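Open the model in your viewer and keep the selection panel at hand. The tour moves one selection at a time.

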Amino acid sequence: MSATSSSLAARRRRRPDPAFWLLAGLATAILAFLYLPVVVLIIFSFNDNLVTTLPLKGFTLHWYQAMLANEDMLAAIGNSLYVATVATALTLIIGVPAAFAIDRADFPGKTAFRRLVMLPLTLPGIITGISMLNMFRMLGFNLSLETVIMGHGTALVAIVVTQVYARLQRFDRRLEEASGDLGGKPWQTFLMVTLPNIRSAVIGSGLLAFTLSFDEIPVTFFLTGRDNTLPMYIYSTLRRGITPEINAIGTIIVVVSLGLIFLSISLLRDPQRRPAAR
Amino acid sequence: MRLATRRRLANLGVLAPPLFWTMLFMFVPYAIMFAYSFYRKQFPIFIPDIQFGNYLLLLTDPQYYTVLLRTLKIALLVALASLLLAYPLAYFLVFKIHSPRLRAGLYMAVIVPLWVSYLLRAYTWKTILGSQGVLNSFLVWTGTLSEPTDLLLYNQFSVVLTLTYIFIPFVVMPIYTSLEKIPRNLVEASHDCGVGPLHTFLQVTLPLSVPGILAGVTFAFCLTFGDFVAPTLVGGPNATMIASVIQSQFGTALNWPLGAALSIVVLIIVLAIISLSDRFERTGRLNLG
């Protein structure tokens with residue numbers, strides 16, 4: 001009985017797998033679905049037509065020139081770079097110690113603290129934005145790019161915490177003990193043993209936070225004053241109507257973010273999965 | 001003794017900034033928002049008060065609870081649709097691609113769009129589905145349609161499509177991780193016992209991937225529930241979602257107390273979903289031993 005069933009199983013394994021082709025087709029279709037809109041965006045940024053319709057009319061760089069001449073947009077890009085840079089620094093200053101605290105420290109309310117820090121990962125940005133707006137108003141703060149930075153710092157700190165915490169979990173604490181036994185002071189151990197081990201996670205999550213801050217809308221929407229960030233500028237232009245200029249700046253954003261994301265994901269990948277050097 | 005004190009001080013130094021930050025910028029704002037939700041609106045200002053008028057209005061005025069129900073429906077549809085698309089993709093990557101390098105590369109290709117500008121990914125659907133858009137002009141050009149249709153954009157369908165598109169990678173990620181953790185010999189053992197591939201999937205693989213499914217569906221549901229960008233860009237008047245209503249309370253409608261009450265409702269629903277999925281995941285794990 002068991003002999004027949006196992007030989008059946010062996011025969012089944014040798015047969016070509018119809019499920020494979022079904023799944024492969026489905027996977028290809030979904031991947032195409034994921035990338036088609038991005039391809040459309042890029043193609044139409046070079047199309048010589050004021051509306052995004054087929055057939056294509058011809059190649060032009062006009063929309064890129066128009067974009068470079070658009071001073072409002074350039075100011076928005078500058079604002080976004082400022083916000084994303086400072087917000088990233090903030091997420092690292094807050095997030096790395098928070099990851100250490102969750103990994104190592106024991107204190108009352110630790111679970112609540114961890115939940116609160118991680119909450120913005122699943123919490124819609126509008127809640128973060130509105131709750132901070134309420135606070136700033138009650139305290140009599142004026143809204144500005146700086147309030148946006150505080151909002152981004154709060155919303156994105158969870159990215160840094162999760163990534164650095166994951167790396168710390170895999171970090172062999174005996175290395176720190178060895179450093180201490182060899183006479184290393186705590187700060188020396190931190191700088192020369194701990195930090196090099198988590199460095200790629202810190203840089204990777206920082207790049208991710210930068211990209212997300214550069215593109216952020218729901219929090220920015222409620223916390224910005226008179227200055228626009230780039231996504232806010234695009235968002236307000238879109239409600240008035242579509243111009244191919246948006247496709248041009250969109251293409252640049254997509255290309256730059258793709259680069260940053262590939263870099264950060266390769267930095268965040270678990271280094272211990274690579275074959276050992278020795 | 002001195003060493004222990006110093007270490008405790010160092011710990012405190014590490015702990016203080018993040019604790020201070022989360023208290024000041026998360027806990028306090030939520031508390032203030034909660035307080036605001038009991039205020040009274042007396043044009044043009046808001047008066048501190050403790051009354052449940054705002055919450056009562058949400059429950060009695062159909063304008064608000066229909067939008068809330070519609071948002072629930074759209075969030076459920078998005079979660080379901082992205083699960084149906086994400087699961088086979090994750091399954092294919094983990095079980096059918098045998099080269100680790102190819103698998104890692106494809107996985108990266110799937111999750112990279114997640115971090116690419118959310119706004120632009122929503123916006124391209126506006127250019128694709130619009131009556132002067134890519135799809136319409138393509139269909140007219142090829143002769144499938146005699147004239148452009150406006151049925152594609154500015155309705156609930158376009159909102160569900162756009163948000164599903166946006167959240168597929170978010171759902172693939174946890175499912176992929178949970179499928180990867182399943183020991184291969186369990187699947188092989190099931191095959192060796194003469195169980196067919198479909199039954200093996202239903203009785204071994206699927207139950208073991210429940211934590212990933214729950215995490216992914218929770219992500220998609222919660223983030224859809226509070227989205228106002230996609231409904232603004234691709235939704236029409238009958239696809240208004242709760243976050244758009246909240247947004248207008250802080251803008252043109254200028255009723256912050258009501259907006260705060262709505263936000264508290266969204267916050268409570270999201271927290272309930274998160275803890276529910278947490279609990280399910282834990283019992284699921286216990287049942288599997």
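Two residues are in contact if their C-beta atoms, placed from the backbone, lie within 7 Å. The model on screen is predicted.

**Stop 1: chain A**

Select chain A. By that contact rule, residues 24 or more positions apart account for 80% of the chain A contacts with a separation of 6 or more. Colour by secondary structure: chain A has 12 helices and 0 strands. Along the sequence the pattern reads α-α-α-α-α-α-α-α-α-α-α-α. Of the 278 residues in chain A, 42% are buried.

**Stop 2: a helix pair inside chain A**

Select residues 125–139 of chain A, helix α6, and residues 145–170 of chain A, helix α7. Their axes are 10 Å apart, and the packing angle is about 135°. The crossing of α6(A) past α7(A) is right-handed.

Now show side chains. From α6(A), the contact takes G125(A), T128(A), G129(A), M132(A) and F136(A). From α7(A), pick T147(A), M150(A), G151(A), T154(A) and A155(A). Sorted by class, this contact of α6(A) with α7(A) holds 4 nonpolar, 6 polar and no charged residues.

**Stop 3: where the chains meet**

Bring chain B into view. Chain B gives 74 residues to the contact and chain A gives 69 residues. Which helix supplies the largest share of the side of chain B that touches chain A? Select residues 2–36 of chain B: this is helix α1, with 18 residues in that share. Colour the touching side of chain B by class, and it divides into 55 nonpolar, 14 polar and 5 charged residues.

**Stop 4: a helix pair across the chains**

Select helix α2 of chain A, residues 18–45, with helix α3 of chain B, residues 62–96. The two axes come within 9 Å and cross at roughly 120°. This makes α2(A) oblique to α3(B). Here the crossing of α2(A) past α3(B) is left-handed.

On α2(A), show F20(A), L23(A), A24(A), L26(A), A27(A) and I30(A). They meet L85(B), P88(B), L89(B), Y91(B), F92(B) and K96(B) of α3(B). By class, the contact of α2(A) with α3(B) counts 11 nonpolar, no polar and 1 charged residues.

**Stop 5: a covered helix in chain B**

Select residues 118–129 of chain B, helix α5. Its 12 residues reach 17 Å from first C-alpha to last, close to the 16 Å expected. Is α5(B) mostly covered or mostly open? Mostly covered: 11 of its 12 residues are buried. Among them are Y118(B), R121(B), W125(B) and L129(B).

**Stop 6**

Go to Y154(B), in the loop between α6 (134–141) and α7 (156–181) of chain B. Y154(B) is not a glycine, yet its phi is positive, about 65°. Y154(B) is buried, because 21 other C-beta atoms lie within 10 Å and the cut-off is 20 or more.

Next, pick L254(B), in the loop between α12 (242–249) and α13 (256–287) of chain B. L254(B) also has a positive phi, about 45°, although it is not a glycine. With 14 C-beta neighbours inside 10 Å, L254(B) counts as partly exposed.

Finish at T5(B), in helix α1 of chain B. T5(B) has 9 C-beta neighbours inside 10 Å, so it counts as exposed. Draw a distance from T5(B) to E188(B): their C-alpha atoms are separated by 56 Å, at 183 residues apart along the chain.

Conventions: Residues numbered from 1 in each chain as written. Chains lettered and ligands numbered in written order. Predicted model: local features only at pLDDT ≥ 70, side-chain atom pairs only at ≥ 80, totals over all residues. Helix = DSSP H or I, 4+ residues; strand = E, 2+ residues; numbered from the N terminus. Nonpolar A, V, L, I, M, F, W, Y, C, P; charged D, E, K, R; others polar. Axes fitted to C-alpha atoms, helices over the stretch in contact; angles between N-to-C directions. Left-handed = near helix turned anticlockwise from the far one by under 90°. Parallel < 35°, antiparallel > 145°, perpendicular 65-115°, else oblique. Expected span 1.5 Å × (residues − 1).
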